[in-house]
Amino acid sequence: MIEIKDVSKDFAGKKRAIDSLNLTIPDGKIVGFLGPNGAGKSTTIKMMTGILPIDDGSITLNGHDIEKQPLQAKKIFGYVPDQPDMFLRLRGIEYLNFIGDIFDIPVDIRKEQIETLTETFNIHDALGDYIQTYSHGMRQKIIVTGVLLHDPDIWILDEPLTGLDPKSAYMLKEMMREHANKGNTVFFSSHGLEVVEQLCDEVAIIHNGKLLFYGTLDEMRKTYQSDQSLEHVFLELTNDE
Amino acid sequence: MSKTWIVMKNMLKIHYSRAGNNNSQIILLSIAGIFLFPFLFFYLGLINNAVSGLYELLEPFGQSSVIIGLLFLLLTALLFIISFVLVISSFYFAEDINSFIPLPIQPYQILLGKATVPLLYLYVTTFAIYFPVLFYFGSNSNASIVYYLLGIILFVFLPFIPFVLAAIFVMFIMRFVNIAKNKDRSKVLGGIFVLLMIILLNVVVRLNANPDEMMENFAQFIQEKDGLLQMITAAYPPALIGSKALTVAGWESLLYFLLMISISIGFIFLFIIVGQKLYLGGVLGINVGNKKNISSERLHKKLRKHPVWLSYLQKELRIIFRTPTFFMQCVVQSLFGPIFLVIILMMDSNFNSLSGTLDQFSYKQQILILFAATLFILSANATGISSISREGKSWHTNLFLPLDLKQVFLSKIAAGWTINLVSILLIAIGLIVVLDISWLLFSLWLALSFVASWFTSLMGTYLDFSHPKLHWTDEQEVFKARLIGFLALLFEFVPLGIIVVIIWNTPFVQGGIVTFVLLLLLMFIATALVHYLLQKKISNKDYQKII
């Protein structure tokens, strides 16, 4: 479970990025995080993952406060950033071994997991290459593999499907569903509204740093008395004029 | 032409973008400026003395023109070497090249755009060296206004010839050799080639410095006016033409001046014509890294469990050794100092044994000398001062992974310490083979070096943590146009250097062992102090604030 309580964030010289955000993401659900560019999605995710400091309020992941118990909190989530361009000078296998060391994964489990996941994502043959030579989609896949390697309870994914080929996107979506069905939490941001409509149990919509809506798609339709698609409601909600 | 201008303007904007910079850097620059200001007077004084001295010596023989000749020659050699490095990185390895290639512009237009930034560097270098000599020579020879006017105009054209020569040389190599079409390898080979050239040049100059032969030639050439100038510029006529333009009188001067300008403009056209033909052929298809298939068994062998600190240290070293710019700056350049020192020492002694050279000093002084020299070489290593900045936009990975930040910093310092081992090993070879020092002195030096290496790496990391440069697009930016190298010398070498001078002059500190213990104690105190400051920054969660 992820609990975001009264969280605010300011950047010097700019308008408030996040304004008293309250959000509780329960176990066993896939929650889509929506908002236009610059709405505060990435800032929220960065605070959830300990990258940015929280100015006011608190965020807990399965009961561990990200600011007060950062190591415990970071051990139970896996994060896929929106830009997969990291550790480019390492070979795929070296990156996964590095992640294995950080999360203290026994070698036999590492081998088994790497074998299965990289075969699923079709990147097994590229494990000996530098990540720099990977395409955007392959980089995304190696990062996702790194996250799944330590089997975290909470998945936090920033635009995880961008750049993935149809088969890998399908596999990842299946994995997300399976993970949530086991009673775990999956929280992901996306601009692809069809994916959200198809995959999510609940959606959170943020705009100008404020939470506009949180609930199921049915609740949203009821609240806004609309039979229209998510796209239509989303555009209505986030229209400033 | 307007498109060329747009390309040039944008390349400059990209290079000097202030994105991600903050005001503290401007403050730091100003502080450095204040520190460097006295050096400006010192530098100008030095040039004034050299020019006046040479002028007084040479003028009676009608050979004063050799001063300007030397200026042109040395400046050209320097600009050529600088151009070589700048052209490789700007023309072939800057990441922005891929955004310009698909645009509907001619190769020469991209080339001229790409030449803007290197040329700017060349102008700054030329400005700093050319004008002081020009003006001091002018004032010594009571030159007319025409001399100054021609001199100032020549300044505009001076960098062209060396730049074009270096650029054509590089373009030719890249087009026809194109070292295995591998960007990484070409970068490292190119860099090492330049360093070797500098060492070779030094060796050649030293080997050719046969005093008897030189005196004979000198006597011969000195008999005719400007003979010496003709002698030294024989291999590079533009230096002769440029010097004549400034030193002969009347219309002849103007002729030489026009000739010099025509040659320079000719070189620009040569650059455009050759570039149009060679540039894209060399730049297209450059790739990074190698692809090779590794069998499952070999992959499995790579899967081993390590403690986190070791795994992190391995990651750091892998990235340094595999990123050409980091490898050149952190590893190769740190070897350059010791190698250069050994070569100079050995050649100056005509390869005779230098054993016992240190014997003229007391034991205390020997330790102080070795300590100060080692500390200086270690302070110049760029691994510590790039600890954080090397991460660039990936710094956030350290924050979302369950890593103890204290451990991250310790591994980063350990990476600097490990790379310093190579410098220490080279110095050790020099001390044993060339200077033949005693084993006791060697052991004391080694112990001090290990501690000093940790201190410099720690201080470098702390300084980089205080003012990191994470928003770079090209790895070169981690090292170029940053004050951190200067700050590292200031904080790592200067305070301890002053302490060394104080100990040297303190009569009640006597004996090698006492000096050793004292230095060791000081190093421990300094290290503990910086560790405390670093810990304070970590507790303050400054690592989140630098994003």
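How many bridges join S3(A) to strand S8 (residues 185-189) of chain A, and in which sense do the two strands run? In this predicted model, four bridges join the pair, and the strands run parallel. Within this pairing, Gly32(A) has Phe188(A) of S8(A) as its bridge partner.

Five of its five residues are buried, so S3(A) is largely enclosed by the rest of the structure. The cover extends to both faces: Ile30(A), Gly32(A) and Leu34(A) are buried on one side, and Val31(A) and Phe33(A) are buried on the other.

Chain A also contains an open sheet of four strands, arranged in the order S2-S1-S4-S5 with antiparallel pairing. Strand S2 (18-25) and strand S5 (64-65) of chain A take the edge positions; each has a single partner strand, so one side of each lacks a neighbour in the sheet. S2(A) pairs with strand S1 (residues 2-9) of chain A through five bridges in the antiparallel sense, and Lys9(A) is placed opposite Ile18(A) of S2(A). Helix H1 (residues 41-48) of chain A packs on this sheet, where it touches S1, S2 and strand S4 (56-61) of chain A. The direction of H1(A) makes about 120 degrees with that of S1(A).

Most residues other than glycine have a negative phi. Asp6(A), however, has a positive phi of about 45 degrees although it is not a glycine. Asp6(A) is located in strand S1 of chain A and is exposed, with 12 other C-beta atoms within 10 Å. Phe87(A) likewise has a positive phi, near 50 degrees, and is found in the loop between strand S6 (77-80) and H3 of chain A. Is Phe87(A) buried or exposed? With 24 C-beta neighbours inside 10 Å, Phe87(A) counts as buried.

Attention can now turn to where the two chains meet. The contact draws 29 residues from chain A and 32 residues from chain B. On the chain A side, helix H2 (70-75), helix H3 (92-102) and helix H4 (107-120) are the elements that give two or more residues. H3(A) gives the most, with six residues. Sorted by class, this side of chain A has 14 nonpolar, six polar and nine charged residues.

Chain B has 23 helices and zero strands. Of its 547 residues, 34% count as buried. Among contacts in chain B with a separation of 6 or more, 86% come from residues 24 or more positions apart.

One helix pair in chain B can be followed in detail. Helix H19 (residues 405-434) and helix H20 (residues 439-466) of chain B pack at an angle of about 145 degrees, and their axes are 8 Å apart. The crossing of H19(B) past H20(B) is right-handed. The H19(B) residues that take part include Phe409(B), Gly416(B), Trp417(B) and Leu431(B), while those of H20(B) include Phe442(B), Trp445(B), Trp454(B) and Gly460(B). By class, this contact has twelve nonpolar, seven polar and one charged residues.

Helix H19 of chain B also holds Ser411(B), which counts as buried with 21 C-beta neighbours inside 10 Å. Which residues does Ser411(B) contact, leaving aside its neighbours within four places in sequence? They are Trp309(B), Tyr312(B), Leu313(B) and Glu316(B). The C-alpha atom of Ser411(B) is separated by 9.6 Å from that of Lys315(B), 96 residues apart along the chain.

Helix H22 (residues 512-539) of chain B has 28 residues and reaches 40 Å from its first C-alpha to its last, close to the 40 Å expected at 1.5 Å a residue. Its buried residues are Thr515(B), Phe516(B), Leu519(B), Met523(B), Ala526(B), Val530(B) and Leu534(B). An α-helix has 3.6 residues a turn, so residues three or four places apart point the same way. What covers the buried residues of H22(B) includes helix H16 (363-379), H19, H20 and helix H21 (484-504) of chain B. After H22(B) comes Lys541(B), whose phi is positive, near 55 degrees.

Key
Residues are numbered from 1 along each chain as its sequence is written. Chains are lettered from A and ligands numbered from 1 in the order in which they are written. This is a predicted model: local features need pLDDT of at least 70, side-chain atom pairs count only at pLDDT 80 or more; totals for chains, interfaces and linings use all residues. Axes are lines fitted to C-alpha atoms, for helices over the stretch in contact, and angles run from 0 to 180 degrees between N-to-C directions. A crossing is left-handed if the near helix is turned anticlockwise from the far one by less than a right angle, and right-handed if clockwise. Two residues are in contact if their C-beta atoms, placed from the backbone, lie within 7 Å. Ala, Val, Leu, Ile, Met, Phe, Trp, Tyr, Cys and Pro count as nonpolar, Asp, Glu, Lys and Arg as charged, and the others, Gly among them, as polar. Two strands pair if DSSP finds at least two bridges between them. A residue is buried if 20 or more other C-beta atoms lie within 10 Å of its own, exposed if 12 or fewer, and partly exposed in between; C-beta atoms are placed from the backbone. The expected span of a helix is 1.5 Å times one less than its number of residues.
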